[in-house]
Amino acid sequence: MPKTTEQRHSSPIELEILLLPAFAADDFVSDDDLPNEVERWFDAYDFANKIDVPGANMPIQYTDDGVAITSTGMGKSAAATTVASILASPKIDCSDMYFLSVGIAGTTPEVGTLGSVFIADFVVDWDCKQRWAERDDSDSARNLQLLPYRPRDYVYRLDEALVSSAYDRAREVELCDSEAVQELRDEYPQKSARGKPTVEIGTTLCGDEFWHGESYSEDAQWLVKQYDAGSYATTEMEDYGTATALDRFGLLHRYLSVRSVVNFDRPHEGQTVRESLEEDLGQETMGLGLENAFRVGSRIVEGLRNG
């Protein structure tokens, strides 16, 4: 049983790295065998201590040498609440801590493939925009636009030196793969989709809506380009909330987002959207993504610990 910080410390505990996967087994109410983004970390690190932080999704567990982990919960609001609660807690000194979102994501076959891992250089919010029904304005080329009254653009550029250093450390990591996943890739005509998994840098697009389909992908790419963030590489549900909390506390420059791809954001030719979702989110691709996220994330952790 991990000892609590309250039992051992009267002053704030100083931690070196906080891992922020989105979900653990306890985050689900189903008895099904669902994905668990923390499991591989618990197998590899001795998180012998824990501290309860009001407002966080679950206790923060940490090793004796300062590597900590907690799941944020799924979605931007859960992630922002968990991270802000930790940052505001008098129990933890976060001033010299690195924060690492590490988990799974989707991708567009125009940019990535199943099992690849992307380290984000930009984090873009998908949800803060204006949209209308096409039938209400049939002459428009697109039925969405940026919020005309937005106080700022909904994009964060992460620290370039930190992102570059993480990539240099992780790009030679040996990623796992499987023949079954390659068969899924080969259903897509795009060269990037059919390739072997690699470690790359790219924009992550964050939204609480799990959208799927080529028309949505086109809208997503349009939105990212409005913010001069290039082409989106991954789609996920937490990192803009995490980045917002860190930015409010002046710690965004110590943040990294590492995401491994488990699904394409559209069906291949001859496949329905529902068939695509059921196939891409199978155990084979999920297991591959979780393993590769851990492999890259753990290499980055060791790099941060070694300066």
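Colleague: Which residues does Thr63 touch, not counting those up to four places away in sequence?

Modeller: This is a predicted model. In it, Thr63 touches Tyr45, Asp46, Phe47 and Asn49, once residues up to four places away in sequence are set aside.

Colleague: Where is Thr63 found?

Modeller: Thr63 sits in the loop between β5 (60-62) and β6 (67-69).

Colleague: Is Thr63 buried or exposed?

Modeller: Thr63 has a relative accessible area of 5%, and buried means under 20%, so Thr63 counts as buried.

Colleague: What joins the side chains of Thr63 and Asp65?

Modeller: A polar contact of 2.5 Å.

Colleague: Let's move to the strands. How many residues of β13 are buried?

Modeller: Six of the eight residues in β13, which spans residues 199-206, are buried, so the strand is mostly covered.

Colleague: In what sense do β9 and β13 pair?

Modeller: Strand β9 (residues 117-125) pairs with β13 in the parallel sense, over seven bridges. One of the bridge pairs is Val117 with Val199 in β13.

Colleague: And how many bridges join β13 to β14?

Modeller: Four bridges join β13 to β14 (residues 232-236), and the two strands run parallel. Thr203 stands opposite Tyr232 of β14.

Colleague: Through which helix does the chain cross from β13 to β14?

Modeller: The chain passes through helix α7 (residues 214-226) on the way from β13 to β14. This β-α-β crossover is right-handed.

Colleague: New topic, the core. Which residues of the largest nonpolar core touch the most other members?

Modeller: Leu19, Phe99, Ile119 and Ile300 do, in a core of 74 residues. Another core, of 11 residues, lies apart from it, and includes Phe118, Val261, Phe264 and Leu288.

Colleague: What is Ile300 in contact with, leaving aside neighbours within four places in sequence?

Modeller: The contacts of Ile300 are Leu100, Ile119, Ala166, Arg169, Ala170, Leu256 and Val258.

Colleague: Why might nonpolar residues be buried together?

Modeller: In soluble globular proteins, nonpolar side chains tend to be buried together.

Colleague: How many salt bridges does a search of the whole structure find?

Modeller: The search finds 18. One of them joins the side chains of Asp127 and Lys76, at 2.8 Å from N to O. This pair links distant parts of the chain, 51 residues apart: Asp127 is in the loop between β9 and β10 (130-131), and Lys76 is in helix α3 (residues 76-88).

Colleague: Is Asp127 buried or partly exposed?

Modeller: Asp127 is partly exposed at 28% relative accessibility, whereas Lys76 is buried at 11%.

Colleague: What does Arg185 form with Asp177?

Modeller: A salt bridge, with the closest N and O atoms 2.8 Å apart. Arg185 is buried, with a relative accessible area of 0%, while Asp177 is partly exposed at 32%.

Colleague: With which residue does Asp239 form a salt bridge?

Modeller: With Arg259, where the closest N and O atoms are 2.7 Å apart. Asp239 lies in helix α8 (residues 239-248) and Arg259 in strand β15 (residues 255-264), so the pair links distant parts of the chain, 20 residues apart.

Colleague: Are Asp239 and Arg259 buried or exposed?

Modeller: Asp239 is buried, at a relative accessible area of 0%. Arg259 is also buried, at 4%.

Colleague: Which residues do salt bridges that share partners join into one network?

Modeller: Glu236, Glu238, Asp239 and Arg259.

Technical notes: Residues numbered from 1 in each chain as written. Predicted model: local features only at pLDDT ≥ 70, side-chain atom pairs only at ≥ 80, totals over all residues. Heavy atoms only, no water. Buried < 20%, exposed > 50% of the residue type's maximum accessible area, 1.4 Å probe, protein only. Pairing = 2+ DSSP bridges. Right-handed = clockwise from strand over helix to strand, strands pointing away. Polar contact = N/O pair within 3.5 Å; in protein donor to acceptor, adjacent residues only side chain to side chain. Contact = heavy atoms within 4.5 Å. Core = buried A, V, L, I, M, F, W, Y, C linked by side-chain atoms within 4.5 Å. Salt bridge = Lys/Arg side-chain N within 4 Å of Asp/Glu carboxyl O.
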